[in-house]
Amino acid sequence: MSVTNEISPDTPTAWWRDAAIYQVYIRSFADGNGDGIGDLAGVRARLPYLADLGIDAIWFCPWYPSPMDDGGYDVSDFRDIEPTFGTLEEAELLIAEAHALGIRIIIDIVPNHASDEHPWFKAALAAGPGSPERERFWFRPGRGENGELPPNDWQSRFGGPAWTRVADGEWFLHLYSSRQPDFNWTNPEVHAEFLDVLKFWFDRGIDGFRIDVADGLIKDPALPDVHGATTGPLPYSDMDGVHEVYRAWRKISDSYPGERIFVGEMWLPDPIRFARYLRPDEMHSAFNFDFLSCPWEAKRLREVIQSSMDSHSLVGAPPTWVLSNHDVTRHVTRYGRSGDTGFEFADRRHGTPVDRDLGTRRARAAALLTMALPGGVYVYQGEELGLWEIEDIPDELRQDPVFERTKHADPGRDGCRVPIPWGDKKPPFSFGTGGSWLPQPQEWAGYTADAQAADPDSMLSLYRKALRIRRDEPALGDGEMSWVMSLADVIAFTRDPGFTCMVNLSSEPVPLPRHESIILASGPLRGDQLPADTAVWLRTF
Ligand code: NOJ
């Protein structure tokens, strides 16, 4: 096992500007207690694997107590650990153990909404209309003669109306499931509560927060109808007042030793509005979903890369490069789809034929592309094993609320959340000793971490090599890049000193440029030719 630099809180390193951050969806990562659900004991046992992979930080999806209506994004207590995952003491041990291996810890914070089992929401229900308890959420009387219609026409992002009626006749707002009431951020109590939650976890040594639905906190208090709009200016997304929240948060993170950071989750159409969240007194970085959503096409990718670089440079923030996460179709599947290879929530193209070999070749090339670009990179658990979307989960086992709320029109996100295969020849593939909460395909026998560790040509071996080189190579990480003139379907750029990345997105081999040596390739080269759907890192003059 390679031990990286131990974390020293006092040495400024701007680590976050080019960190490789590994996303752990705890329920599906590793099960330490044999109940079929991943947990902190499982993560602790696998920390050496993560250190060996060569990542700089882990981002944990929510680990708080939760009824798990939305996989933990429905939080009932922001200051504790979900009992099926472990205890607060275990979380503290995990933080210390990760730090000793040079791995930083980022946790999710979910400020837009709570669980309906959060004590504040229970108190709001009990206290009734007009009470201060209800003012922490968005309770309103309904429209129509007897208040039988929702207060406005907003739709939940999980399908159906964004309002649910309670027994006394009032309605409450939820942009997600009806078990996720939205907080009212015009209420100073909500601000104060979250400042305190940030301190609670910073005091326990965490290095940063990933901010869920970061653009959504502030709503237009007039709650105007949107008449079916889902893009453009919306009264519940990217309202100007949201920046005040992050300015206050940044003051808290800056008051702690070391570099504690915020990473925003904002799906926004306008890169310039997006960059406003990354001004020097707000968040440090954010997920690049334009890149994630982009089809496997050279021209489109070049445009997205350039516009990401441009918008981030306006505010001096590093871009990030993301291929997959727990909400989207895994990219081996996306890139192997016939037809459109991009990603849209509105159309997951579930069931469209997939050429998995093609998707895998492209995923290998995409890994080298992302790791060569300036800025930070995210790795979603299992992408380093080349896992694909599991599309044939039986309906009765699906757990994502999206499936029910869309009346089965959208299969939901379970297919990218299937527990990780670690070893062994049959399910649960050493995920744990007690089965797995979603079924794994038998085909994963050849994709376990153990099987791949022994194979120098595996996806895992590629990620290990690439992450190591990225860490040691002076040209990579934070900094600048320059495009190289190339064929229309080829992406090529240089980084100083002496590094070229070239990705062939055409269907024919293309000649390599002049180079001193080959550092790494995503697949076999053909002499001095770069085959289709292959990327190469070159030492150049
Ligand atoms: C974004 C998270 O990534 C997703 O999993 C969750 O369902 C929604 N926010 C609501 O919290």
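How many cavities of 30 Å³ or more does the count come to?

A: The model is a predicted one, in which local features need a pLDDT of at least 70 and side-chain atom pairs count only at pLDDT 80 or more, while totals for chains, interfaces and linings use all residues. Residues are numbered from 1 along each chain as its sequence is written, and side-chain values use heavy atoms, with hydrogens and water left out.

The count comes to four cavities of 30 Å³ or more. A cavity here is a set of points, on a 1 Å grid over the protein atoms alone, where a 1.4 Å probe fits but cannot get out, and a lining residue has an atom within 4 Å of a point. Points are joined across faces, edges and corners, and the volume is the space filled by probe spheres set on them. The largest cavity has a volume of about 50 Å³, and the residues lining this cavity include Thr329, Arg337, Arg348, His350, Glu389 and Arg398.

A nonpolar core is a set of buried Ala, Val, Leu, Ile, Met, Phe, Trp, Tyr and Cys residues joined through side-chain atoms within 4.5 Å; buried means under 20% relative accessible area, exposed over 50% and partly exposed in between, with a 1.4 Å probe and protein chains only. The largest such core has 150 residues, and those with the most contacts inside it are Leu50, Trp63, Trp201, Tyr246, Trp249 and Trp537. Its largest share, eight residues, comes from helix α10 (residues 356–372); helices (H or I, at least four residues) and strands (E, at least two) are DSSP runs numbered from the N terminus. Apart from this core lies another, of 15 residues, among them Trp154, Leu173, Tyr176 and Tyr236. In soluble globular proteins, nonpolar side chains tend to be buried together.

Trp201, one of the residues with the most contacts inside the largest core, is also among the buried residues of helix α4, as are Val190, Phe194, Val197 and Leu198. Covering these buried residues are elements that include α2 (88–100), β3 (104–109), α3 (119–127) and α5 (242–254), contact meaning heavy atoms within 4.5 Å. The 15 residues of α4 (residues 188–202) should span 21 Å at 1.5 Å a residue, and the end C-alpha atoms are 21 Å apart, which agrees; the expected span is 1.5 Å times one less than the number of residues. At the N-terminal end, Asn187 caps α4, with a side-chain oxygen 2.9 Å from the backbone nitrogen of Glu189.

Ala298, Leu301, Val304 and Ile305 are among its buried residues, and what the buried residues of α8 pack against includes α10 and β13. Just after α8, Gly316 takes a positive phi of about 75°.

Strand β13 (residues 490–495) contains Val490, which is buried, with a relative accessible area of 1%. Leaving aside neighbours within four places in sequence, Val490 is in contact with Ala298, Arg302, Met502, Val503, Asn504 and Val510. In the loop between β13 and β14 (499–504) lies Pro497, and a cis peptide bond with an omega of about -5° joins Asp496 and Pro497.

A cis peptide bond, with omega about 5°, joins Pro427 and Pro428. Phe429 has a positive phi of about 50° although it is not a glycine, and Ser430 likewise has a positive phi, of about 60°, without being a glycine. Phe429 counts as buried at 0% relative accessibility, whereas Ser430 counts as partly exposed at 31%.

How values were computed:
Polar contact = N/O pair within 3.5 Å; in protein donor to acceptor, adjacent residues only side chain to side chain. 1 Å grid on protein atoms, 1.4 Å probe; cavity = no way out; pocket = protein on both sides within 12 Å on 5 of 7 lines; lining within 4 Å.
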